[in-house]
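Please open the model in your viewer and keep the selection panel at hand. The tour below goes from one selection to the next and says what is found at each stop.

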Amino acid sequence: MDLPSLRHFTPAGISSDPVEVLAGESWVPAIYTDKGWATADGASLLLGIEEWRHAAKETRPIRQHQRKAQAH
């Protein structure tokens, strides 16, 4: 598996841009660090990650889309 590029250098360590990893059956926000996979805030390491993808762009909740469609 290719890994995301480590781009961010801080006194706490090196990390990637935010990504999503498959943890069990759910995609969760994460980063790749010089210590391995971690939660998006870097507070906890994640184990057993075998798949990742670039983070999805933020979208409006479905309810807002429905209200906008109903207004037309």
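Predicted model: local features only at pLDDT ≥ 70, side-chain atom pairs only at ≥ 80, totals over all residues.

Residues are numbered from 1 along each chain as its sequence is written, and side-chain values use heavy atoms, with hydrogens and water left out.

Begin by selecting Thr10, Ala12, Gly13, Ile14, Ser15, Ile31, Thr33, Asp34, Lys35, Ala38, Gly42 and Leu45, which line the largest pocket. Two or more of the lining residues come from each of β2 (13-16) and β4 (26-33), and β2 gives the most, with three residues; strands here are DSSP runs of E with at least two residues, numbered from the N terminus. The pocket's volume is about 160 Å³, the space filled by probe spheres set on grid points that are joined across faces, edges and corners. A pocket is an open set of points on a 1 Å grid over the protein atoms alone, where a 1.4 Å probe fits, with protein on both sides within 12 Å along at least five of seven lines, and lining residues have an atom within 4 Å of a point. Coloured by type, the lining divides into five nonpolar, five polar and two charged residues, with Asp, Glu, Lys and Arg counted as charged, Ala, Val, Leu, Ile, Met, Phe, Trp, Tyr, Cys and Pro as nonpolar, and the others, Gly among them, as polar.

Next, look for salt bridges (a side-chain nitrogen of Lys or Arg within 4 Å of a carboxyl oxygen of Asp or Glu), of which the whole structure holds two. Select aspartate 17 and arginine 7, whose closest N and O atoms are 3.4 Å apart; aspartate 17 sits in the loop between β2 and β3 (19-23), and arginine 7 in strand β1 (residues 6-10), ten residues away.

Then select arginine 53 and glutamate 20, where the closest N and O atoms are 2.6 Å apart. Because arginine 53 lies in strand β6 (residues 52-54) and glutamate 20 in strand β3, this pair ties together parts 33 residues apart in sequence. Glutamate 20 is buried at 16% relative accessibility, whereas arginine 53 is partly exposed at 36% (buried means under 20% relative accessible area, exposed over 50%, partly exposed in between, with a 1.4 Å probe and protein chains only).

Terms used. Helix = DSSP H or I, 4+ residues; strand = E, 2+ residues; numbered from the N terminus.
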